[in-house]
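Student: I would like to go through this model and ask, for each label, what value stands behind the label. Could we take the structure itself as the starting point?

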Amino acid sequence: MTETLESAYRQHADELIRYATTMVGPDDAADAVIDAMVAVFASSAGASQVRDMRAYLFRAVHHKVVDVIRADTKRRRREVRWQQRRPTVAGPLHTAVDARLMLSSLSEQQRAVVFLTYWCDLGVADVAATMEVSEGAVRKQLARARARLKETVHV
């Protein structure tokens, strides 16, 4: 290997940002590249065997942008399903206020579980690790939050 990860990143950073911008847009591009590089640098043990460092970095960014696209698609589907199920209200500001009001009826732990699950697209194991609680506690709090939110929507 003739170039290091650091020198390869410095050499190709602008290109990687442009690629990510094309794939996920300007708002998420820099985050996708940074997240990809954090993963690359964290697992740099096998980097000495990489023949084409540029391609290696592009693959890492590609995998990250696929994750971003997948998460965004899931979020949009959830939002569409939610909008289809709830009655029409007077505009987006009213909807945001309603969501905030509904979430305020949850306990602190329930709000955290709902946020991490639905807005951050984390699975039960990841939420449990983030909150440093058991997976069972996450499932229980999520079930309680869903039940409470259902009550709030149907009132």
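Student: Why is Glu15 called partly exposed?

Tutor: In this predicted model, Glu15 has a relative accessible area of 25%. Buried would require under 20% and exposed over 50%, so Glu15, at 25%, falls in between and counts as partly exposed.

Student: How do you know that Glu15 forms a salt bridge with Arg54?

Tutor: The closest N and O atoms of Arg54 and Glu15 are 2.6 Å apart. Since a salt bridge asks for a side-chain nitrogen of Lys or Arg within 4 Å of a carboxyl oxygen of Asp or Glu, the pair at 2.6 Å qualifies. The pair links distant parts of the chain, with Arg54 in helix α3 and Glu15 in helix α1 (residues 5-24), 39 residues apart. Arg54 is itself partly exposed, because its relative accessibility is 36%, which lies between the 20% and 50% limits.

Student: Why are Glu79 and Arg75 described as separated by about one helical turn?

Tutor: Because Glu79 and Arg75 are 4 residues apart in helix α3, their separation is about one helical turn. Salt bridges that share partners join Asp72, Arg75, Arg76 and Glu79 into one network. Within it, the side chains of Glu79 and Arg75 meet at 2.9 Å, N to O, and since the limit is 4 Å, this contact is a salt bridge. Glu79, at 39% relative accessible area, is partly exposed, and Arg75, at 26%, is partly exposed too. A search of the whole structure finds 10 salt bridges.

Student: What makes Asp31 part of a patch of negative charge?

Tutor: Asp31 gathers with Asp27, Asp28 and Asp35 in such a patch on the surface. A patch takes residues with over 30% relative accessible area and no salt bridge, like charges being joined within 9 Å. Asp31 has 47% relative accessibility, so the accessibility condition is met. Asp31 lies in helix α2 (residues 26-42).

Student: Which residues form the positive surface patch, and which elements give two or more residues to it?

Tutor: Arg77, Arg81, Arg85, Arg146 and Lys150 form the positive patch, and the elements that give two or more residues to it are α3 (53-85) and α7 (135-154). Helix α3 gives the most, with 3 residues.

Student: Why is Arg77 called exposed?

Tutor: Arg77, which lies in helix α3, has a relative accessibility of 52%. Exposed means over 50%, so Arg77 passes the limit and counts as exposed.

Student: What makes the phi of Glu132 worth a remark?

Tutor: Most residues other than glycine have a negative phi. Phi of Glu132 is near 55°, a positive value in a residue other than glycine. Glu132 is found in the loop between α6 and α7, and is exposed because its relative accessibility is 72%. Asp121, in the loop between α5 (108-119) and α6 (124-131), also has a positive phi, of about 55°, although it is not a glycine.

Student: How do you know where the confidence of the prediction is lowest and highest?

Tutor: Confidence is lowest in helix α4 (residues 92-104), at a mean pLDDT of 62, and highest in α2, at 92. The mean pLDDT of the protein is 83, and 88% of its residues reach 70 or more.

Student: How many helices and strands does the protein have, and what share of its residues counts as buried?

Tutor: The protein has 7 helices and 0 strands. Of its 155 residues, 27% count as buried, a label that calls for under 20% relative accessible area.

Technical notes. Residues numbered from 1 in each chain as written. Predicted model: local features only at pLDDT ≥ 70, side-chain atom pairs only at ≥ 80, totals over all residues. Heavy atoms only, no water. Patch = residues over 30% accessible without salt bridge, like charges linked within 9 Å, V, L, I, M, F, W, Y side chains within 5 Å. Areas by Shrake-Rupley, 256 points an atom, 1.4 Å probe, with all protein chains shown as cover. Lys, Arg positive; Asp, Glu negative; His and termini not counted. Charge placed at Lys NZ, Arg CZ, Asp CG, Glu CD. Buried < 20%, exposed > 50% of the residue type's maximum accessible area, 1.4 Å probe, protein only. pLDDT = per-residue confidence, 0-100.
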